Amino acid sequence: MTDSQASYTVLFSAGEASGDQHAAHMFAEMQQLCPGIKGLGMGGAKMRQAGIEIRVDSSGIGVIGLVEILKHYGEIRRALAALKRIVAAEKPDLLVCVDYKEFNLKLAQFAKRQGVKVLFYVSPQVWAWRPGRVKTYGKAIDMMAVIFPFETRYYEAEQVPVRYVGHPSVDKVVPRLGKAEDLALFNLEPAQPVVGLLPGSRGNEIKRMLPVMLAAAEKLAAERPQLQFVLPQADSITDAELAAHLQQAQISVRIIKGRPYDTIQCCDAVMTTSGTASLEIALLEVPMVIVYRLAAFSYWLGKRLVKIPFIGLPNIIAGKAIVRELIQEQLTADNLAAEIRRLLDDSQYRESCIGGLREVKRQLGRGGGSRNMAELALEMLRSR
(Lines give C-alpha, C1' and ligand atoms only; values in the text may rest on other atoms or scores of the structure.)
Protein backbone atom coordinates (compact mmCIF):
# COMPACT_ATOMS: atom_id res chain seq x y z
CA MET A 1 0.00 0.00 0.00
CA THR A 2 1.40 3.44 -0.96
CA ASP A 3 1.20 6.46 1.31
CA SER A 4 -1.47 7.93 -0.98
CA GLN A 5 -3.64 4.90 -0.21
CA ALA A 6 -2.62 4.36 3.43
CA SER A 7 -4.93 5.19 6.31
CA TYR A 8 -2.85 5.76 9.43
CA THR A 9 -4.11 7.17 12.71
CA VAL A 10 -1.73 9.44 14.62
CA LEU A 11 -2.36 10.62 18.17
CA PHE A 12 -0.84 14.03 18.97
CA SER A 13 -0.23 15.38 22.46
CA ALA A 14 0.61 19.09 22.67
CA GLY A 15 0.02 20.97 25.92
CA GLU A 16 1.28 24.45 25.09
CA ALA A 17 0.77 27.08 22.39
CA SER A 18 4.16 26.46 20.77
CA GLY A 19 3.53 22.70 20.67
CA ASP A 20 0.10 23.33 19.17
CA GLN A 21 1.78 25.23 16.32
CA HIS A 22 4.52 22.64 15.81
CA ALA A 23 2.00 19.79 15.63
CA ALA A 24 -0.24 21.72 13.24
CA HIS A 25 2.58 22.42 10.80
CA MET A 26 3.84 18.85 11.02
CA PHE A 27 0.38 17.41 10.34
CA ALA A 28 -0.15 19.72 7.36
CA GLU A 29 3.04 18.29 5.83
CA MET A 30 1.95 14.74 6.67
CA GLN A 31 -1.36 15.30 4.86
CA GLN A 32 0.52 16.34 1.73
CA LEU A 33 2.64 13.18 1.85
CA CYS A 34 -0.18 10.86 2.96
CA PRO A 35 -3.65 12.28 2.21
CA GLY A 36 -5.47 9.44 4.01
CA ILE A 37 -3.84 10.13 7.36
CA LYS A 38 -6.01 10.86 10.41
CA GLY A 39 -4.90 13.02 13.34
CA LEU A 40 -6.48 13.32 16.76
CA GLY A 41 -5.48 14.19 20.30
CA MET A 42 -4.76 17.10 22.65
CA GLY A 43 -4.06 20.58 21.39
CA GLY A 44 -5.52 23.94 20.53
CA ALA A 45 -6.77 26.16 17.72
CA LYS A 46 -3.84 25.64 15.34
CA MET A 47 -4.11 21.85 15.42
CA ARG A 48 -7.87 22.06 14.95
CA GLN A 49 -7.41 24.33 11.92
CA ALA A 50 -4.89 21.85 10.47
CA GLY A 51 -7.53 19.11 10.54
CA ILE A 52 -6.57 17.30 13.75
CA GLU A 53 -9.57 16.16 15.77
CA ILE A 54 -9.17 17.77 19.19
CA ARG A 55 -10.37 15.39 21.88
CA VAL A 56 -8.72 17.30 24.76
CA ASP A 57 -8.44 21.11 24.70
CA SER A 58 -5.04 22.17 26.03
CA SER A 59 -5.85 25.86 26.58
CA GLY A 60 -6.16 25.53 30.36
CA ILE A 61 -3.05 23.46 31.09
CA GLY A 62 -0.16 25.25 29.37
CA VAL A 63 1.55 26.48 32.54
CA ILE A 64 5.15 26.69 33.75
CA GLY A 65 6.54 26.46 37.27
CA LEU A 66 5.81 24.14 40.17
CA VAL A 67 3.33 26.45 41.88
CA GLU A 68 1.44 27.10 38.63
CA ILE A 69 1.32 23.37 37.80
CA LEU A 70 -0.04 22.57 41.27
CA LYS A 71 -2.86 25.07 40.74
CA HIS A 72 -3.86 23.30 37.51
CA TYR A 73 -3.06 19.78 38.69
CA GLY A 74 -6.65 18.55 38.47
CA GLU A 75 -7.02 19.68 34.84
CA ILE A 76 -3.64 18.22 33.90
CA ARG A 77 -4.44 14.87 35.55
CA ARG A 78 -7.80 14.65 33.76
CA ALA A 79 -6.16 15.44 30.40
CA LEU A 80 -3.56 12.70 30.89
CA ALA A 81 -6.24 10.18 31.86
CA ALA A 82 -8.27 11.06 28.76
CA LEU A 83 -5.29 10.53 26.45
CA LYS A 84 -4.43 7.24 28.14
CA ARG A 85 -7.97 6.05 27.49
CA ILE A 86 -7.60 6.91 23.80
CA VAL A 87 -4.29 5.02 23.60
CA ALA A 88 -5.76 1.94 25.26
CA ALA A 89 -9.08 1.91 23.41
CA GLU A 90 -8.10 3.06 19.93
CA LYS A 91 -4.48 1.88 19.64
CA PRO A 92 -3.24 4.63 17.28
CA ASP A 93 -0.51 3.71 14.80
CA LEU A 94 1.80 6.34 16.28
CA LEU A 95 1.87 8.68 19.28
CA VAL A 96 3.57 12.02 18.63
CA CYS A 97 4.42 13.79 21.89
CA VAL A 98 5.18 17.46 21.26
CA ASP A 99 7.17 19.15 24.00
CA TYR A 100 5.23 19.42 27.36
CA LYS A 101 7.89 17.18 28.80
CA GLU A 102 6.80 15.60 32.09
CA PHE A 103 3.20 15.11 31.01
CA ASN A 104 4.23 13.58 27.70
CA LEU A 105 6.83 11.36 29.34
CA LYS A 106 4.06 9.76 31.43
CA LEU A 107 1.90 9.37 28.33
CA ALA A 108 4.81 7.90 26.35
CA GLN A 109 5.55 5.37 29.08
CA PHE A 110 1.91 4.26 29.07
CA ALA A 111 1.79 4.05 25.27
CA LYS A 112 4.96 1.98 25.17
CA ARG A 113 3.37 -0.54 27.55
CA GLN A 114 0.35 -0.66 25.24
CA GLY A 115 2.55 -1.47 22.24
CA VAL A 116 2.09 1.95 20.56
CA LYS A 117 5.12 3.50 18.84
CA VAL A 118 6.24 6.84 20.28
CA LEU A 119 7.90 9.75 18.49
CA PHE A 120 8.93 12.56 20.85
CA TYR A 121 9.23 15.99 19.20
CA VAL A 122 11.31 18.67 20.98
CA SER A 123 13.77 17.25 23.47
CA PRO A 124 13.69 18.08 27.17
CA GLN A 125 16.50 20.48 27.95
CA VAL A 126 18.92 17.82 29.14
CA TRP A 127 21.78 20.21 28.38
CA ALA A 128 20.39 22.61 31.00
CA TRP A 129 19.42 20.30 33.84
CA ARG A 130 18.98 16.64 34.81
CA PRO A 131 20.99 15.02 31.96
CA GLY A 132 20.07 11.64 33.45
CA ARG A 133 16.65 12.08 31.86
CA VAL A 134 18.13 10.92 28.55
CA LYS A 135 18.00 7.30 29.77
CA THR A 136 14.49 7.74 31.17
CA TYR A 137 13.16 9.09 27.90
CA GLY A 138 15.12 6.50 25.94
CA LYS A 139 13.13 3.71 27.63
CA ALA A 140 9.79 5.35 26.83
CA ILE A 141 10.22 6.34 23.18
CA ASP A 142 11.13 4.90 19.82
CA MET A 143 12.65 8.12 18.45
CA MET A 144 13.64 11.52 19.80
CA ALA A 145 13.41 14.37 17.27
CA VAL A 146 15.56 17.32 18.35
CA ILE A 147 15.35 20.89 17.08
CA PHE A 148 18.87 22.09 17.93
CA PRO A 149 21.87 20.41 16.29
CA PHE A 150 23.94 20.22 19.50
CA GLU A 151 21.27 18.08 21.22
CA THR A 152 21.94 14.87 19.27
CA ARG A 153 25.16 14.06 21.12
CA TYR A 154 23.35 13.66 24.45
CA TYR A 155 21.16 10.86 23.04
CA GLU A 156 23.83 9.25 20.89
CA ALA A 157 25.99 8.89 24.02
CA GLU A 158 23.27 6.71 25.57
CA GLN A 159 22.41 4.93 22.29
CA VAL A 160 18.92 6.41 22.18
CA PRO A 161 17.52 6.78 18.63
CA VAL A 162 17.69 10.48 17.75
CA ARG A 163 17.24 12.63 14.65
CA TYR A 164 18.00 16.32 14.17
CA VAL A 165 15.04 17.67 12.21
CA GLY A 166 15.72 21.41 12.29
CA HIS A 167 13.82 24.11 14.12
CA PRO A 168 10.23 24.56 12.83
CA SER A 169 10.36 28.31 13.39
CA VAL A 170 12.90 28.76 10.58
CA ASP A 171 10.21 28.00 7.99
CA LYS A 172 7.32 29.48 9.93
CA VAL A 173 8.74 32.92 10.67
CA VAL A 174 8.03 34.59 7.33
CA PRO A 175 6.13 37.88 7.15
CA ARG A 176 3.40 37.97 4.51
CA LEU A 177 4.25 41.51 3.37
CA GLY A 178 7.25 43.82 3.22
CA LYS A 179 7.94 46.14 6.14
CA ALA A 180 6.73 49.29 4.35
CA GLU A 181 3.47 47.57 3.40
CA ASP A 182 2.96 46.35 6.96
CA LEU A 183 3.56 49.80 8.44
CA ALA A 184 0.85 51.16 6.14
CA LEU A 185 -1.49 48.23 6.87
CA PHE A 186 -1.18 48.70 10.63
CA ASN A 187 -1.46 52.49 10.33
CA LEU A 188 1.99 53.04 11.82
CA GLU A 189 4.06 56.15 11.11
CA PRO A 190 7.26 55.01 9.30
CA ALA A 191 9.32 57.93 10.60
CA GLN A 192 8.61 57.18 14.28
CA PRO A 193 10.01 54.27 16.34
CA VAL A 194 7.83 51.21 17.00
CA VAL A 195 8.18 49.18 20.20
CA GLY A 196 6.69 45.69 20.44
CA LEU A 197 5.18 44.12 23.56
CA LEU A 198 5.08 40.30 23.55
CA PRO A 199 3.77 39.31 26.99
CA GLY A 200 3.44 35.58 26.25
CA SER A 201 1.01 32.94 25.07
CA ARG A 202 -0.27 31.73 28.47
CA GLY A 203 -2.78 33.40 30.74
CA ASN A 204 -0.45 33.35 33.75
CA GLU A 205 2.32 34.98 31.68
CA ILE A 206 -0.03 37.82 30.73
CA LYS A 207 -0.80 38.42 34.42
CA ARG A 208 2.87 38.46 35.40
CA MET A 209 4.50 40.15 32.42
CA LEU A 210 2.04 42.54 30.76
CA PRO A 211 1.67 44.97 33.71
CA VAL A 212 5.42 45.58 33.94
CA MET A 213 5.69 45.91 30.16
CA LEU A 214 2.91 48.51 30.15
CA ALA A 215 4.55 50.37 33.05
CA ALA A 216 7.84 50.48 31.11
CA ALA A 217 6.01 51.63 27.98
CA GLU A 218 4.35 54.42 29.96
CA LYS A 219 7.77 55.63 31.17
CA LEU A 220 9.10 55.61 27.60
CA ALA A 221 6.01 57.37 26.24
CA ALA A 222 6.31 60.12 28.87
CA GLU A 223 9.79 60.90 27.51
CA ARG A 224 8.94 60.29 23.83
CA PRO A 225 5.30 60.88 22.94
CA GLN A 226 6.06 59.90 19.34
CA LEU A 227 6.74 56.25 20.26
CA GLN A 228 4.30 53.70 18.84
CA PHE A 229 3.44 50.51 20.73
CA VAL A 230 2.16 47.28 19.18
CA LEU A 231 1.15 43.95 20.69
CA PRO A 232 0.74 40.88 18.47
CA GLN A 233 -1.97 38.92 20.28
CA ALA A 234 -1.26 35.20 20.64
CA ASP A 235 -4.10 32.96 19.43
CA SER A 236 -4.26 31.33 22.86
CA ILE A 237 -4.94 34.65 24.62
CA THR A 238 -8.46 36.09 24.77
CA ASP A 239 -9.42 39.74 24.27
CA ALA A 240 -10.65 39.82 27.88
CA GLU A 241 -7.27 38.70 29.25
CA LEU A 242 -5.57 41.65 27.53
CA ALA A 243 -8.37 44.16 28.19
CA ALA A 244 -8.11 43.62 31.94
CA HIS A 245 -4.68 45.29 31.79
CA LEU A 246 -4.89 47.57 28.75
CA GLN A 247 -7.97 49.42 30.02
CA GLN A 248 -5.91 50.69 32.95
CA ALA A 249 -2.90 51.72 30.84
CA GLN A 250 -2.06 55.37 30.26
CA ILE A 251 -0.83 54.71 26.72
CA SER A 252 -2.27 53.52 23.44
CA VAL A 253 -1.21 50.02 22.37
CA ARG A 254 -2.22 48.72 18.96
CA ILE A 255 -3.39 45.10 19.23
CA ILE A 256 -2.76 43.09 16.07
CA LYS A 257 -4.24 39.63 15.60
CA GLY A 258 -3.12 36.83 13.34
CA ARG A 259 0.02 38.47 11.94
CA PRO A 260 2.79 38.11 14.53
CA TYR A 261 5.74 38.16 12.13
CA ASP A 262 4.48 41.13 10.13
CA THR A 263 3.99 42.96 13.43
CA ILE A 264 7.44 42.10 14.77
CA GLN A 265 9.25 43.16 11.59
CA CYS A 266 7.73 46.64 12.01
CA CYS A 267 9.40 47.00 15.42
CA ASP A 268 12.62 48.84 16.19
CA ALA A 269 12.85 47.08 19.57
CA VAL A 270 10.82 44.44 21.38
CA MET A 271 10.22 43.46 25.00
CA THR A 272 9.37 39.76 25.01
CA THR A 273 8.55 37.02 27.47
CA SER A 274 11.10 34.19 27.32
CA GLY A 275 10.13 31.27 25.10
CA THR A 276 9.77 30.42 21.43
CA ALA A 277 8.82 34.04 20.70
CA SER A 278 12.38 35.17 21.49
CA LEU A 279 13.72 32.80 18.84
CA GLU A 280 11.18 34.04 16.30
CA ILE A 281 12.22 37.63 16.99
CA ALA A 282 15.86 36.57 16.53
CA LEU A 283 15.04 35.07 13.14
CA LEU A 284 13.58 38.44 12.14
CA GLU A 285 16.77 40.12 13.44
CA VAL A 286 14.90 42.61 15.64
CA PRO A 287 16.70 43.81 18.81
CA MET A 288 14.97 42.68 22.00
CA VAL A 289 15.06 42.34 25.76
CA ILE A 290 13.91 39.01 27.22
CA VAL A 291 11.92 39.01 30.45
CA TYR A 292 10.48 36.40 32.79
CA ARG A 293 8.99 36.12 36.24
CA LEU A 294 7.81 33.01 38.09
CA ALA A 295 6.23 32.39 41.47
CA ALA A 296 8.99 32.86 44.07
CA PHE A 297 9.23 29.17 45.01
CA SER A 298 9.28 28.01 41.37
CA TYR A 299 12.14 30.40 40.68
CA TRP A 300 14.04 29.35 43.81
CA LEU A 301 13.76 25.70 42.80
CA GLY A 302 14.69 26.38 39.18
CA LYS A 303 17.84 28.27 40.19
CA ARG A 304 19.05 25.14 41.99
CA LEU A 305 18.30 22.78 39.13
CA VAL A 306 19.26 24.67 35.98
CA LYS A 307 22.96 24.51 35.12
CA ILE A 308 23.19 27.10 32.33
CA PRO A 309 23.51 30.87 32.75
CA PHE A 310 20.71 31.93 30.35
CA ILE A 311 16.98 31.33 29.86
CA GLY A 312 16.57 33.06 26.48
CA LEU A 313 16.91 30.76 23.46
CA PRO A 314 18.99 33.26 21.41
CA ASN A 315 21.55 33.45 24.22
CA ILE A 316 21.53 29.68 24.79
CA ILE A 317 22.16 28.98 21.10
CA ALA A 318 24.84 31.67 20.85
CA GLY A 319 26.49 30.48 24.07
CA LYS A 320 26.79 34.08 25.26
CA ALA A 321 24.63 37.07 26.19
CA ILE A 322 23.70 38.70 22.88
CA VAL A 323 20.47 40.15 24.29
CA ARG A 324 19.70 41.35 27.81
CA GLU A 325 17.65 39.15 30.13
CA LEU A 326 15.62 40.66 32.98
CA ILE A 327 14.55 37.85 35.27
CA GLN A 328 12.57 37.89 38.53
CA GLU A 329 13.66 40.83 40.76
CA GLN A 330 15.61 42.41 37.86
CA LEU A 331 12.35 42.73 35.94
CA THR A 332 11.26 46.25 36.84
CA ALA A 333 9.64 48.94 34.70
CA ASP A 334 12.75 51.13 35.11
CA ASN A 335 15.15 48.41 33.97
CA LEU A 336 12.94 47.41 31.07
CA ALA A 337 12.49 51.00 29.88
CA ALA A 338 16.24 51.60 30.17
CA GLU A 339 17.07 48.61 27.99
CA ILE A 340 14.55 49.57 25.29
CA ARG A 341 15.92 53.11 25.40
CA ARG A 342 19.46 51.78 24.87
CA LEU A 343 18.37 49.58 21.95
CA LEU A 344 16.74 52.59 20.30
CA ASP A 345 19.47 55.16 20.98
CA ASP A 346 22.86 53.39 21.13
CA SER A 347 23.64 52.50 17.52
CA GLN A 348 26.77 50.48 18.34
CA TYR A 349 24.92 48.43 20.98
CA ARG A 350 22.01 47.95 18.62
CA GLU A 351 24.20 46.72 15.77
CA SER A 352 26.05 44.34 18.09
CA CYS A 353 22.71 42.85 19.11
CA ILE A 354 21.56 42.47 15.51
CA GLY A 355 24.88 40.84 14.56
CA GLY A 356 24.44 38.28 17.34
CA LEU A 357 20.88 37.52 16.22
CA ARG A 358 22.09 37.06 12.65
CA GLU A 359 24.59 34.45 13.85
CA VAL A 360 21.84 32.58 15.73
CA LYS A 361 19.81 32.54 12.53
CA ARG A 362 22.79 31.13 10.63
CA GLN A 363 23.30 28.36 13.20
CA LEU A 364 19.68 27.23 12.90
CA GLY A 365 20.20 26.53 9.20
CA ARG A 366 17.81 26.43 6.28
CA GLY A 367 14.83 24.91 8.02
CA GLY A 368 12.49 22.26 6.67
CA GLY A 369 11.72 21.12 10.23
CA SER A 370 8.02 20.43 9.75
CA ARG A 371 8.60 18.47 6.54
CA ASN A 372 11.47 16.55 8.14
CA MET A 373 9.19 15.65 11.06
CA ALA A 374 6.44 14.51 8.70
CA GLU A 375 8.87 12.29 6.80
CA LEU A 376 10.25 10.84 10.03
CA ALA A 377 6.75 10.05 11.31
CA LEU A 378 5.78 8.34 8.05
CA GLU A 379 9.03 6.38 8.11
CA MET A 380 8.06 5.08 11.57
CA LEU A 381 4.50 4.33 10.42
CA ARG A 382 5.70 2.28 7.46
CA SER A 383 7.97 0.20 9.66
CA ARG A 384 5.50 -0.46 12.46
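Predicted model: local features only at pLDDT ≥ 70, side-chain atom pairs only at ≥ 80, totals over all residues.
## A parallel sheet and the helix across it

The strands involved are β11 (residues 269-273) and β12 (residues 288-292), which run parallel and are joined by 4 bridges.

Zooming out, these two belong to an open sheet of 6 strands with parallel pairing, ordered β10-β9-β8-β11-β12-β13. At the edges sit β10 (253-257) and β13 (324-327), each pairing on one side only. On average, neighbouring strands here are turned by 20 degrees against each other, direction ignored.

Now for helix α11 (residues 239-246): α11 lies across β9 (228-233) and β10, and runs at about 175 degrees to β10. Its buried residues are Leu242, His245 and Leu246. Seen down the helix axis, they fall within an arc of 95 degrees, so they line one face of α11. Among the elements covering them are α10 (203-223), β9 and β10.

As for the whole chain, there are 18 helices and 13 strands. A compact globule of 384 residues would have a radius of gyration near 21 Å, and the chain agrees because its own value is 21 Å. Of the contacts with a separation of 6 or more, 69% are between residues 24 or more positions apart. A few more chain-level numbers:

| Property of the chain | Value |
|---|---|
| Span of the C-alpha trace along principal axes | about 65 × 45 × 40 Å |
| Buried share of the 384 residues | 53% |
| Accessible surface | about 16,700 Å² |
| Share of that surface belonging to carbon and sulfur atoms | 50% |

Definitions and conventions: Residues numbered from 1 in each chain as written. Heavy atoms only, no water. Pairing = 2+ DSSP bridges. Axes fitted to C-alpha atoms, helices over the stretch in contact; angles between N-to-C directions. Contact = heavy atoms within 4.5 Å. Buried < 20%, exposed > 50% of the residue type's maximum accessible area, 1.4 Å probe, protein only. Arc of directions from axis to C-beta. Rg over C-alpha atoms; globule rule 2.2 N^0.38 Å. Areas by Shrake-Rupley, 256 points an atom, 1.4 Å probe, with all protein chains shown as cover.
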